[in-house]
Amino acid sequence: MDKKISLVIPVFNEQEVMPESFRRTKAAMEDIGYPYEIIYVDDGSRDGTWEILSSIAGENPEVTALRFSRNFGHQLAVTAGMDAADGDAVIIMDADLQDPPEVIADMIKAWEQGADIAYGKRLKRHGETAMKKFTAWCYYRLLSAMSAYPIPLDTGDFRLLDRAVADKFKEFREHNRFLRGMSAWMGYNAVPVEYVRHERAAGKTKYTLKKMLKLAADGIFGFSTKPLSMITYLGSGVILAGLAGIVITAIWAAAAGAAAWLWGLWALVLLDGIILICMGVQGEYIQRIYDEAQGRPLYVVKEKIN
């Protein structure tokens, strides 16, 4: 087989899982038989992750290790790996083994059959709390309803991209990135590869609530203008509610002699809250415009091995 497969794996404080992750990934690729490279991107780890990656890269010429100067975030770590990859297909996956390396064979099979993108679709999610599963379920459906482009439900960044798709990704240089949304926006032939998501092999998740909310916001505000349109509808609803409130309050005050200003007070509080929400939505878009206007590089690579 003369075609080459590139694996892009972002890592952040994953010293507990790295040896086993590399062992299973290497075994999976050797079973498949294609020439391959593994590109690890250390996203500013503060534990022993870089030392382990340095050792792995030093002993395995097919491994490239990139080290960021600080933590730039998962999506930018994936971007750096894709920028460095030169395979005929590029596979994005995490190091925590929740997305099993053995599924790569099924993705490659779909690619051989003509798929431009083969994305992992989760049938089950082991090792996650009921709250995490519920919020993930709600988020994917909210994103699907809000996005102007169809983003498959229950999918992450675990996917295979044909070389042509990966090259197009390199033209996308926005700072607030949502890779699965960008993938859907391009409109290539994408097919699902179903699998069961496993529990983490070791360590704790590095996706804090703050990071999850940031990714969720990037998915919604980066691929939909519906939140802006909803402000108009919300404002119209408030006006109608206000007019109805005036009539109801007038009738109530005349009939019972109640203090009408109490209704006005609560209406004012409600209106102020709605105004602040609307300003926040606008601020999300303005912040993204500001990030792009600065024109800074997406990431800084401090060190590279192989």
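What percentage of the 306 residues of the protein count as buried? I looked this up before anything else. The answer is 45%. I note that the model is a predicted one.

**Overall figures.** I took the secondary structure next and found 10 helices and 8 strands. For the accessible surface I have about 15600 Å², and carbon and sulfur atoms hold 62% of that area. I then turned to contacts between residues at least 6 apart in sequence: 83% of these join residues at least 24 apart.

**Strand E6.** I went to residues 155–162, which form strand E6. The strand is mostly covered, with 8 of its 8 residues buried. I looked for a pairing partner and found strand E4, residues 89–92, which runs antiparallel to E6 over 4 bridges.

**Val-103.** I followed the chain on to the loop between E4 and helix H4 (104–112), where Val-103 sits. Is Val-103 buried or exposed? I list Val-103 as buried because its relative accessible area is 8%, and the cut-off for buried is under 20%.

I then asked which residues touch Val-103 once neighbours within four places in sequence are left aside. I found contacts with Phe-158, Val-193 and Tyr-195.

Technical notes: Residues numbered from 1 in each chain as written. Predicted model: local features only at pLDDT ≥ 70, side-chain atom pairs only at ≥ 80, totals over all residues. Heavy atoms only, no water. Buried < 20%, exposed > 50% of the residue type's maximum accessible area, 1.4 Å probe, protein only. Helix = DSSP H or I, 4+ residues; strand = E, 2+ residues; numbered from the N terminus. Pairing = 2+ DSSP bridges. Contact = heavy atoms within 4.5 Å. Areas by Shrake-Rupley, 256 points an atom, 1.4 Å probe, with all protein chains shown as cover.
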